[in-house]
Amino acid sequence: MKQPGGGQVFGGNLHDIDIRGTAVQPTALLKLLVTASDNNMLQISLRSLWLDGNQWTDKHLEQLGSMLADKDLTVLSLACCNHLQPASGYMTDSTLNRWAERMRFSRLRELNLSGHHKITAHGLANLLQQTPKLEALICRGAINIFTSSSPSSVTSMMKRLGLLRKKRSLRIVDLRDCELDTQSRELVHSHLMDGKSPLTVLL
């Protein structure tokens, strides 16, 4: 990385990335991170990561996941710019399952997957097993979490959220625009809305 005087900076620490609303493409960011890391220009130890979910495919996210120091990450936002637009996000359960297998988000506090229409309760339930300190889950417009998931997968996901609620880490669950039917709403109420914990649920 160039200094104003033309020199280079080595050994810096990269803790936060926010490229929402920019023209930065996934391939460009990934190439920069790989180059910086390989040349010892940066120590990548991310605490917060804010990306435009509309642009990131499973392939991009798998490559990104291999770079993350997941033990340090506290905020992960892959929200799509327009979460109500059909097919706005490319992420699928494939990414969620791979991350659940390979990573433990032991410090993650906030997870935003709004607009990813292809993810389901099955993939989300798997990932939630690796987020013991999660405080906020935001999945606005992720309609397949309920409409294209098996009842057992939805129940498993709600049980995982229920356990986080009982541990009193979970503070907010935002499922607005997810097209919940009556049965799904009843399931959410039974697992999360008993009035015994300071949890805000938005439907």
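C81 is exposed, with a relative accessible area of 59%. This is a predicted model. The structure holds 0 disulfides, and C80 is in none. Elsewhere, helix α4 and helix α6 cross at roughly 30 degrees. The points below take the cysteines and then the helices.

**Cysteines**

- C80 has a relative accessibility of 6% and counts as buried, whereas C81 is exposed.
- For C80, the nearest cysteine sulfur belongs to C81 and lies 7.5 Å away.
- Seen from C81, the closest cysteine sulfur is the one in C80, and the 7.5 Å between them is too far for a bond.
- A disulfide is a covalent bond between the sulfur atoms of two cysteines.
- The cut-off for a disulfide is a pair of cysteine sulfur atoms within 2.5 Å.

**Helices α4 and α6**

- Helix α4 covers residues 121-128 and helix α6 covers residues 151-166.
- Their axes come within 8 Å and cross at roughly 30 degrees.
- Because of this angle, α4 is roughly parallel to α6, as angles under 35 degrees count as roughly parallel.
- The crossing of α4 past α6 is left-handed.

**Residues in the helix contact**

- On the α4 side, the contact is made by A121, H122, L124, A125 and L128.
- On the α6 side, the contact is made by S153, V154, S156, M157, R160, L161 and L164.
- The residues in this contact of α4 with α6 divide into 8 nonpolar, 3 polar and 1 charged.

Note on methods. Residues are numbered from 1 along each chain as its sequence is written. This is a predicted model: local features need pLDDT of at least 70, side-chain atom pairs count only at pLDDT 80 or more; totals for chains, interfaces and linings use all residues. Side-chain values use heavy atoms; hydrogens and water are left out. Axes are lines fitted to C-alpha atoms, for helices over the stretch in contact, and angles run from 0 to 180 degrees between N-to-C directions. Helices (H or I, at least four residues) and strands (E, at least two) are DSSP runs, numbered from the N terminus. Angles under 35 degrees count as roughly parallel, over 145 as roughly antiparallel, 65 to 115 as roughly perpendicular and the rest as oblique. A crossing is left-handed if the near helix is turned anticlockwise from the far one by less than a right angle, and right-handed if clockwise. Contact means heavy atoms within 4.5 Å. Ala, Val, Leu, Ile, Met, Phe, Trp, Tyr, Cys and Pro count as nonpolar, Asp, Glu, Lys and Arg as charged, and the others, Gly among them, as polar. Buried means under 20% relative accessible area, exposed over 50%, partly exposed in between (1.4 Å probe, protein chains only).
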